[in-house]
Amino acid sequence: MFNPLIRKLSIASDFTESDNRALNDVIVEPHSVAPKQDIIRTGDRPENVHLVMDGIACRYKIMPNGDRQIVAFLLPGDFCDLHVAILGEMDHGIATLSPCKMIEIPRTTINDLTENYPRITRALWWATLVDEAILREWIAGIGQRMADKRIAHLFCELYLRLKTVGQTEDHSFTLPITQQELADALGISIVHANRMLMDLRTRNIMVMRGKHVKILNYDALKAFAEFSPDYLHLERRSENGNGQRSVSDKGR
Amino acid sequence: MPRYFFDVEDANEFIRDEDGHICESDAQVRKAAIEALPGMIGMRIPDGDTHKTTVKVRDEAGAYIYSASLTLEAGWIGKRSQ
């Protein structure tokens, strides 16, 4: 079965046969979740770890006035709540945006992986640190980046993250989210989000039609966004300090 | 549910909304148009002393039904010697 988890975690560790076997055992038949369904609500104490296999989910915070801030997009291969077994109650919610295929991994399985498989443990650490790095980049963007560059930056990020798990074709990918959801992640109004998408389209840089995204000029998008992929840590740390980039972000 | 299109006039630029989005009520149309303005006008420091941004809302038949604009006016007070 297609295993986006191994695909993603392989960036961080060279897995052995037995590591791969352990990670494949985790991948049972996924269950389907309809769009816009809560996976976990604020205050829940989930017993299982959720892994996205297909579709897109989000982490979100609901403000007292009902407005929503999306604080992360969860793509195939992403854990929703890897360390929730350590923390008590959820301090935020997780919901599907599109139809999703998810796998529930019992806590005990995660404990077994981290106790018995050092390379997997290292890779899980890596995944958690990258999640944090992405969050830092979003905070910096919301605080300091102009809205037009912020949206371009997000599309560069999503393109590379989806490419990592084999979900892009050329420079096209499926992004089954609405403009409202995009706006909720960027901290801007929906009219503003639409205006900037129109602008990128007019300039022949990128087209989003419905859920289909086609980056027409990745180099131009990257330059406009002032995007550097460093924070995604797609380069393996090596002993001599020269990283090996696993996923190229080079334009054609 | 009706779909509305939010065109934007920003200084000399006109950006036509080809996608539109669903609004459940007139109040929602008004809110969407107005709340978009401060963010757009705050995007960059204008070249001159005034900068006007307008959101014009079209209905599905193509008729403009609502307009909201925000004008930024700036200028030195009194004479400034260079």
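Chain A has an average pLDDT of 91, with 93% of its residues scoring at least 70, where pLDDT is the predictor's confidence in each residue on a scale from 0 to 100. The model is predicted, so that local features need a pLDDT of at least 70 and side-chain atom pairs count only at pLDDT 80 or more, while totals for chains, interfaces and linings use all residues. Residues are numbered from 1 along each chain as its sequence is written, and chains are lettered from A and ligands numbered from 1 in the order in which they are written. For chain B the average pLDDT is 92, and 98% of the residues score at least 70; for the complex the predictor gives an ipTM of 0.90 and a pTM of 0.91.

Within chain A, the mean pLDDT of the elements is lowest in strand 13 (residues 244-245), at 56, and highest in strand 11 (residues 212-215), at 98; helices (H or I, at least four residues) and strands (E, at least two) are DSSP runs, numbered from the N terminus. Strand 11 of chain A pairs with strand 10 of chain A in the antiparallel sense over four bridges, pairing being assigned if DSSP finds at least two bridges between two strands. The two strands form a hairpin with two residues between them, and Gly210(A) in the turn has a positive phi of about 60 degrees. In a regular strand the side chains alternate between the two faces of the sheet. Val207(A) stands opposite Lys214(A) in strand 11 of chain A.

Chain B comprises one helix and five strands, in the sequence pattern β-β-β-α-β-β. Its C-alpha atoms fill a box of roughly 60 × 20 × 20 Å along the principal axes, and 22% of its 82 residues count as buried.

Where the chains meet, 14 residues of chain A are in contact with 17 residues of chain B, a contact requiring C-beta atoms, placed from the backbone, within 7 Å. Helix 5 (147-164), helix 6 (179-186) and helix 7 (190-202) of chain A each supply at least two residues of the side that touches chain B, and helix 7 of chain A gives the most, with seven residues.

Methods:
Two residues are in contact if their C-beta atoms, placed from the backbone, lie within 7 Å. A residue is buried if 20 or more other C-beta atoms lie within 10 Å of its own, exposed if 12 or fewer, and partly exposed in between; C-beta atoms are placed from the backbone.
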